[in-house]
Amino acid sequence: MPAYHSTFPYDPNTDRLIGNFVIMPIKTKFRGPSYPCNSDYDIIDECLDLFRPNSFFKNFEIKTPSDRLLIYGILFINQCLATIQPHMSYNDAVKALVNLSLNHFVLPGTPGFPLNSTYQVPIEDPQQMALLKSYLAQFRQELAMRLIERVYTDPKLGVEAEQDKTKNSPSKYWLSFTKRKFMNKSL
């Protein structure tokens with residue numbers, strides 16, 4: 001059974017490429033270079049939906065540029081889940097993931113990035129690298145906030161859990177995936 005790929009096609013009219021890394025529109029409240037998304041479902045929702053099934057795969061064939069963004073999102077979700085501890089409150093998890101998403105991170109194509117063989121980013125162009133860094137910061141912030149909303153919502157409690165997340169603990173079904181490594185890699 002093959003891994004699940006991104007359903008977002010690359011559109012040269014709306015999507016920008018930096019090397020072979022695509023900058024796609026996302027719906028976000030954070031500032032950054034991303035275009036506003038026209039639909040309710042964006043690449044971040046797809047990363048969150050495909051994280052659990054794809055975390056079982058050790059190989060992933062890249063078919064579109066949006067698959068590279070999906071790979072980055074899945075690796076970042078794994079890093080976020082490793083940061084969240086089983087005893088953390090909602091507010092502590094928000095603080096930890098905001099710090100994780102904004103702290104210094106390695107850009108694709110630079111030394112130290114785990115999948116440099118799949119990403120071709122123009123390192124010699126500082127404007128393109130600054131654009132990529134600001135987009136990834138925006139992407140990471142939005143992904144971390146949406147992940148927290150999913151991890152701290154208990155489906156058994158329903159609306160009650162939505163209203164009082166401070167007493168809630170993280171979902172064991174999400175935290176159980178911290179031991180799995182997508183493609184045997186981590187950020």
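**Helix packing and the core**

Tutor: In this predicted model, helix α1 (residues 43–54) packs against helix α4 (residues 126–151) at an angle of about 50 degrees, and their axes are 10 Å apart.

Student: What makes α1 oblique to α4?

Tutor: The angle is about 50 degrees. Angles under 35 degrees count as roughly parallel and 65 to 115 as roughly perpendicular, with the rest, apart from those over 145, counted as oblique. Therefore α1 is oblique to α4. The crossing of the two is right-handed.

Student: Which residues of α1 and α4 meet?

Tutor: From α1, I43, I44, D45, C47, L48 and D49; from α4, F139, E142, L143, R146, L147 and R150. By class, this contact of α1 with α4 has seven nonpolar, no polar and five charged residues.

Student: Why are α2 and α3 called oblique to each other?

Tutor: Their axes cross at roughly 140 degrees and come within 10 Å. Roughly antiparallel needs an angle over 145 degrees, and roughly perpendicular covers 65 to 115. α2 and α3 are therefore oblique to each other. Here F76, Q79, C80 and T83 in α2 meet A96, L97, L100 and S101 in α3. The contact of α2 with α3 holds five nonpolar, three polar and no charged residues.

Student: Which residues touch the most other members of the largest nonpolar core?

Tutor: I43, Y135 and F139, in a core of 57 residues. The largest share of this core is the twelve residues from α4. Leaving out residues up to four places away in sequence, I43 touches S6, F8, M24, I26, S66, L69 and F139.

Definitions and conventions:
Residues numbered from 1 in each chain as written. Predicted model: local features only at pLDDT ≥ 70, side-chain atom pairs only at ≥ 80, totals over all residues. Heavy atoms only, no water. Axes fitted to C-alpha atoms, helices over the stretch in contact; angles between N-to-C directions. Helix = DSSP H or I, 4+ residues; strand = E, 2+ residues; numbered from the N terminus. Left-handed = near helix turned anticlockwise from the far one by under 90°. Contact = heavy atoms within 4.5 Å. Nonpolar A, V, L, I, M, F, W, Y, C, P; charged D, E, K, R; others polar. Core = buried A, V, L, I, M, F, W, Y, C linked by side-chain atoms within 4.5 Å. Buried < 20%, exposed > 50% of the residue type's maximum accessible area, 1.4 Å probe, protein only.
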